[in-house]
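The sequence and structure are shown first.

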Amino acid sequence: MLFATDKTYASENVPESKAKITITNDQTGETKVLSPKETKNALKVNSIKKFSALAADSENEELEVGYDVFVPVNIPTSSGSGGMTTADTDGSSKTAGGVTAKLYVNYDVSTNNEKVRLNKVYGSWTPSSSMYSLSNRYVEAHSGTVYGKTIVKKPTSNSFSYPTGWGYNYRALGQASPRAWSSAKISISGMTSTYTIKVEFTYS
């Protein structure tokens, strides 16, 4: 993309969104939200940028925010049922592994801070080894409900990029804030259990 200038601001000049990471055991229905302690080393806020205004849209600012999240799902190396995160202990020996989920959005905010326009949502899933495979991939984002727009996609590969072509809309606050999320089912070779991982964050 071409910008009027290449000035990039430090990440501290852009409000940091909070990501919520959940792991669900698809067989038992148990869902675990990773704690701040568990995500301290796994969650990487990446590429929070505030670009200068586009020449053709000089009254607005273009921003980009994203997260790289390592979601741990253990492989038992002896008797044991496996674990949902590296924080679990059940007496068996385990090998820590999992999937790195990346989720990013590119969006514009009007100078009066009243409107938002989602331009693109993109990212990927990267297994830590060939023992992990992914299916049931979903990517969703909205520009603020109730009157905003929503994109819902089902990627067929482990990477995705979806432009929206949307215009501006008035942004909502609270639970209706502009939001993006992705999910995928993890299967582990030799195990019957599957796990669904989800990454979600508000971006404006």
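How many of the 13 residues of β7 are buried? The count is 11, so β7 is largely enclosed by the rest of the structure. Buried means under 20% relative accessible area, exposed over 50%, and partly exposed in between (1.4 Å probe, protein chains only). Helices (H or I, at least four residues) and strands (E, at least two) are DSSP runs numbered from the N terminus.

## Basis of the model

The model is predicted: local features need pLDDT of at least 70 and side-chain atom pairs count only at pLDDT 80 or more, while totals for chains, interfaces and linings use all residues. Residues are numbered from 1 along each chain as its sequence is written, and side-chain values use heavy atoms, with hydrogens and water left out.

## Nonpolar core

A nonpolar core is a set of buried Ala, Val, Leu, Ile, Met, Phe, Trp, Tyr and Cys residues joined through side-chain atoms within 4.5 Å. The largest one has 36 residues, of which V105, Y107, V121, W125, I186, F201 and Y203 touch the most other members. At least two core residues come from each of β1, β4, β7 (98-110), β8 (115-127), β9 (132-142), β11 (159-163), β13 (179-188) and β14. The largest contribution, 6 residues, is from β7.

## Aromatic and charged side chains

The whole structure contains 5 aromatic pairs. Rings of Phe, Tyr and Trp (its six-membered ring) pair if their centres lie within 6.5 Å; planes under 30 degrees apart count as stacked, over 60 as edge-to-face and the rest as tilted. Y67 and F201 have ring centres 5.0 Å apart and planes at 55°, so this pair is tilted. Their positions, in β4 (residues 60-72) and β14 (residues 194-202), are 134 residues apart. Y67 counts as buried at 1% relative accessibility, and F201 does at 0%.

F160 and Y162 form a stacked pair, 6.2 Å centre to centre with 15° between the planes. Both residues are buried, and together with W125 they form one aromatic cluster. Elsewhere, K120 lies over the face of Y122, 4.6 Å from the ring centre; the criterion is NZ of Lys or CZ of Arg within 6 Å of the ring centre and within 35 degrees of the ring normal.
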